Amino acid sequence: MYKKVYMFVLLLVCQALALPLWAQGDTSGAKPVEMADKLRANGKIYVVVAVVVVILLGLILYVVRLDRKISRFEKE
(Lines give C-alpha, C1' and ligand atoms only; values in the text may rest on other atoms or scores of the structure.)
Protein backbone atom coordinates (compact mmCIF):
# COMPACT_ATOMS: atom_id res chain seq x y z
CA MET A 1 0.00 0.00 0.00
CA TYR A 2 2.66 2.51 1.04
CA LYS A 3 4.85 1.49 -1.85
CA LYS A 4 2.11 2.37 -4.34
CA VAL A 5 1.53 5.74 -2.69
CA TYR A 6 5.27 6.40 -2.65
CA MET A 7 5.54 5.54 -6.36
CA PHE A 8 2.56 7.78 -7.17
CA VAL A 9 4.07 10.71 -5.27
CA LEU A 10 7.41 10.11 -7.00
CA LEU A 11 5.65 10.08 -10.37
CA LEU A 12 3.96 13.39 -9.59
CA VAL A 13 7.25 14.97 -8.53
CA CYS A 14 8.95 13.82 -11.73
CA GLN A 15 6.02 15.14 -13.75
CA ALA A 16 6.25 18.52 -12.01
CA LEU A 17 9.98 18.71 -12.67
CA ALA A 18 9.39 18.06 -16.37
CA LEU A 19 6.85 20.88 -16.80
CA PRO A 20 9.43 23.56 -17.68
CA LEU A 21 10.71 21.34 -20.49
CA TRP A 22 7.32 21.41 -22.21
CA ALA A 23 7.65 25.13 -22.64
CA GLN A 24 10.45 24.50 -25.14
CA GLY A 25 8.14 22.66 -27.55
CA ASP A 26 7.27 25.64 -29.79
CA THR A 27 10.24 25.97 -32.13
CA SER A 28 8.47 27.77 -34.96
CA GLY A 29 10.44 30.99 -34.40
CA ALA A 30 13.69 29.39 -33.30
CA LYS A 31 16.68 29.21 -35.59
CA PRO A 32 18.29 25.79 -36.18
CA VAL A 33 21.35 24.69 -34.25
CA GLU A 34 24.27 25.11 -36.60
CA MET A 35 26.77 23.08 -34.57
CA ALA A 36 24.59 19.96 -34.65
CA ASP A 37 24.05 20.33 -38.39
CA LYS A 38 27.78 20.62 -39.06
CA LEU A 39 28.59 17.63 -36.85
CA ARG A 40 25.93 15.60 -38.60
CA ALA A 41 27.12 16.68 -42.04
CA ASN A 42 30.73 15.79 -41.28
CA GLY A 43 29.82 12.48 -39.65
CA LYS A 44 31.38 13.56 -36.36
CA ILE A 45 28.09 13.24 -34.49
CA TYR A 46 28.81 9.51 -34.30
CA VAL A 47 32.05 10.24 -32.47
CA VAL A 48 30.15 12.35 -29.95
CA VAL A 49 27.56 9.63 -29.45
CA ALA A 50 30.27 6.99 -29.07
CA VAL A 51 32.10 9.02 -26.42
CA VAL A 52 28.88 9.55 -24.46
CA VAL A 53 28.06 5.83 -24.64
CA VAL A 54 31.55 4.85 -23.47
CA ILE A 55 31.35 7.26 -20.53
CA LEU A 56 27.91 5.98 -19.51
CA LEU A 57 29.00 2.34 -19.80
CA GLY A 58 32.05 3.09 -17.68
CA LEU A 59 29.91 4.66 -15.00
CA ILE A 60 27.46 1.76 -15.03
CA LEU A 61 30.27 -0.81 -14.78
CA TYR A 62 31.84 1.15 -11.92
CA VAL A 63 28.57 1.21 -9.98
CA VAL A 64 27.98 -2.51 -10.57
CA ARG A 65 31.49 -3.39 -9.36
CA LEU A 66 31.10 -1.14 -6.35
CA ASP A 67 27.77 -2.75 -5.51
CA ARG A 68 29.31 -6.23 -5.68
CA LYS A 69 32.17 -5.20 -3.40
CA ILE A 70 29.79 -3.66 -0.89
CA SER A 71 27.59 -6.76 -0.96
CA ARG A 72 30.63 -8.96 -0.37
CA PHE A 73 31.72 -6.83 2.61
CA GLU A 74 28.20 -6.95 4.05
CA LYS A 75 28.21 -10.75 3.93
CA GLU A 76 31.49 -10.92 5.85
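Q: If buried means under 20% relative accessible area, exposed over 50% and partly exposed in between (1.4 Å probe, protein chains only), is Met1 buried or exposed?
A: This is a predicted model, in which local features need pLDDT of at least 70, side-chain atom pairs count only at pLDDT 80 or more, and totals for chains, interfaces and linings use all residues. Residues are numbered from 1 along each chain as its sequence is written, and side-chain values use heavy atoms, without hydrogens or water. Met1 lies in the segment before helix H1 (2-22), where helices are DSSP runs of H or I with at least four residues, numbered from the N terminus. Because its relative accessibility is 75%, Met1 counts as exposed.

Q: In what order do the elements of the chain run from the N terminus on?
A: The chain has 3 helices and 0 strands (E runs of at least two residues). Read from the N terminus on, the order of the elements is therefore, by the DSSP assignment, α-α-α.

Q: Over the ring of which residue does the charged end of Arg72 sit?
A: A charge sits over a ring if NZ of Lys or CZ of Arg is within 6 Å of the ring centre and within 35 degrees of the ring normal. The charged end of Arg72 is placed 6.0 Å from the ring centre of Phe73.
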